[in-house]
Amino acid sequence: MSMLLLPPSSSRSMAPPPALRSPRAPISPRTESPRRHAIARCDTSRTTPRISETEPTLAQPSAPVQGATAPLVQALKSTAAQDVSCFHFPGHNQGKAAPSSMLDLIGAGAFSHDLPELPELDDLFYPNGVILDAQNQAAQLFGSSKTWFLVNGSTCGIQAAVMATCCPGDYIVVPRNCHISVISALVLSGAVPKYIVPEYNSAWDIAGGITPSQVDKALKELEKDDKKVGAVLVTSPTYHGICSDVQCIVDVCHPLHIPVIVDEAHGAHFRFHHSFPSTAIEQGADLAVQSTHKVLNSLTQSSMLHMAGGLVDADKVSQCLQLLQSSSPSYLLLSSLDAARAQLSENAKSFDEPVAMALETRDQLMVIPGLSVLDLSCFASDFPAIDPLRVTLSASDLHLSGYEADDILEEHQIVCELVGTQAVTFAVNLGTRRQDVQKLVQCAKHLSDKYISANESRFSKHNYVCSPLDKFFVKLPPREAFFTKKRRVCMEDSLGEICGELICPYPPGIPVLIPGEVVTQDSLSYLINVRDQGMTISGAADGELNSIMYEGR
Ligand SMILES: Cc1ncc(COP(=O)(O)O)c(C=O)c1O
């Protein structure tokens, strides 16, 4: 499930190569120590990320995406080109019976290549041909020992990772601001969460990462209570690009033989520029799930699950993926993963320009009166890095909420990735053009000029006094609460009840109530506040949040 509030945008931005750069080690499958590169601390004033020591050896530029460079793309192309009478699914029969409105929309090529699992196209769940070849090439490029292609987004990768590592009743350490897919994984697996509360900046209404000492403390508490721990899950980077120190978290977990799963949905690009933070796999994680469709260039819903080390059973992961994914995987999605991988293999320098533009944009926005840009200095914790391609802008000094700033920018045809109560986030990518980031900066200046004096006397009503993460009381594990008999109650009357559903206002995308938690006065006040601001609510049966489901036998 996508956590986007708005239609996915093509945000943009720009700037100069960061000063803190040292080359990375050559990329090779992880048989060597995960500690093969040291991490330099970020310059928080510039929000440059942690840098590794050695330069990645990305595949050299080669021929365009075809032939051996993208086996799945090539196989799909040649299979679709065969002049055969098809008596198989899908019923549009390679487009011959396609609805004309869709043909107009996406073209005949999309239909002619929308093929099922024909023998020459391999089998996603028992790959031994072109899919295996494509996945192996991806594993090599992304530095994993094994990579799975996913057709149900990172959501199914996270669910499979949790199910493969945790048996029902096992504990899993997770950040309280985890994505909704982690909660669904708890419901599916029966794992019991031990939450870590990340640092929360109320002025930005943004949560950060988690720290190794928090993980250490959580594991010690579980050990003291004689609880079995299946895994530790870290979200790194967060939606806003904040990274946790995965390497140190791994150092806490691996001596205890506890695998580390990283929700790296927003970090699929980290392998491909030396100013990006190190990837989870480079830092020793056992499983890393990446939404290739977010910052990289595959089709929406296509993702990858990478594995390294020997702590997790690869066959179990495969079994879980088979359980969770469609038995009719889309070859358009699968081949788009292969193509995205080949595109990166061909051009090792492709992120130079987006990084430069993002850094320039960040610098230019930062000096505009009344505006500020999120960086690591916004957090007291020692988070190691922030993604330079994620630019989060606040106009709260102009007394504008994130929503108001977004409305004004949208009037100028600037569409962001994410809007919050206090800030707007822009995602720069390989498609970002210089004219786009220039327009963003111009509009931001216009916003500042217009509102700097106009709003001087305005009272800002959007500052939260309490964190949505501060207090929560778990009465039932999510799985038990999910399957229990439920009743619906008017939101205002739910105080003290055990919540039977996930209530996750978006933004900031932090679950305020997770199935099994007690509805408190703080959670109610926060939810009524965000509901009245018109925020989108994920997970709840009543998206308008007039009522909630509670456990009622
Ligand atoms: C942090 C995080 N993890 C996981 C996901 C799920 O990713 P997908 O949409 O690829 O299923 C998202 C989606 O936005 C996310 O923000």
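In strand S8, Val 229 is the bridge partner of Tyr 171, and this bridge belongs to the pairing of strand S4 (residues 171-175) with S8 (residues 229-235), which runs in the parallel sense over three bridges. Strands count as paired if DSSP finds at least two bridges between them; helices (H or I, at least four residues) and strands (E, at least two) are DSSP runs numbered from the N terminus. The model is a predicted one, in which local features need pLDDT of at least 70 and side-chain atom pairs count only at pLDDT 80 or more, whereas totals for chains, interfaces and linings use all residues. Residues are numbered from 1 along each chain as its sequence is written.

S4 and S8 are part of an open sheet of seven strands with mixed pairing, in the order S3-S12-S11-S10-S8-S4-S5. Strands S3 (146-150) and S5 (192-196) stand at the edges with a single partner strand each, so one side of each is left without a neighbour in the sheet. On average, neighbouring strands of this sheet are turned by 20° against each other, direction ignored.

Helix H4 packs on the sheet, touching S3 and strand S12 (303-307), and its direction makes about 120° with that of S3. Contact here requires C-beta atoms, placed from the backbone, to lie within 7 Å, and axes are lines fitted to C-alpha atoms, for helices over the stretch in contact, with angles from 0 to 180 degrees between N-to-C directions. Helix H8 (residues 246-253) lies across S8 and strand S10 (260-263), running at about 155° to S10.

| Helix pair | Axes come within | Crossing angle |
|---|---|---|
| H4 (residues 130-142) and H10 (residues 331-346) | 10 Å | roughly 40° |
| H5 (residues 153-165) and H6 (residues 180-189) | 8 Å | roughly 40° |

H4 passes H10 in a left-handed crossing, whereas H5 passes H6 in a right-handed one; a crossing is left-handed if the near helix is turned anticlockwise from the far one by less than a right angle, and right-handed if clockwise. In the second pair, residues including Ser 154, Thr 155 and Ile 158 of H5 meet residues of H6, among them Ser 181, Val 182 and Ser 184.

H5 also gives the most to the shell around the ligand, with three residues. The ligand is surrounded by 14 residues, the closest being Gly 153, Ser 154, Thr 155, His 179 and Ala 265, where a residue is near if its C-beta atom, placed from the backbone, lies within 6 Å.

Methods
Two residues are in contact if their C-beta atoms, placed from the backbone, lie within 7 Å.
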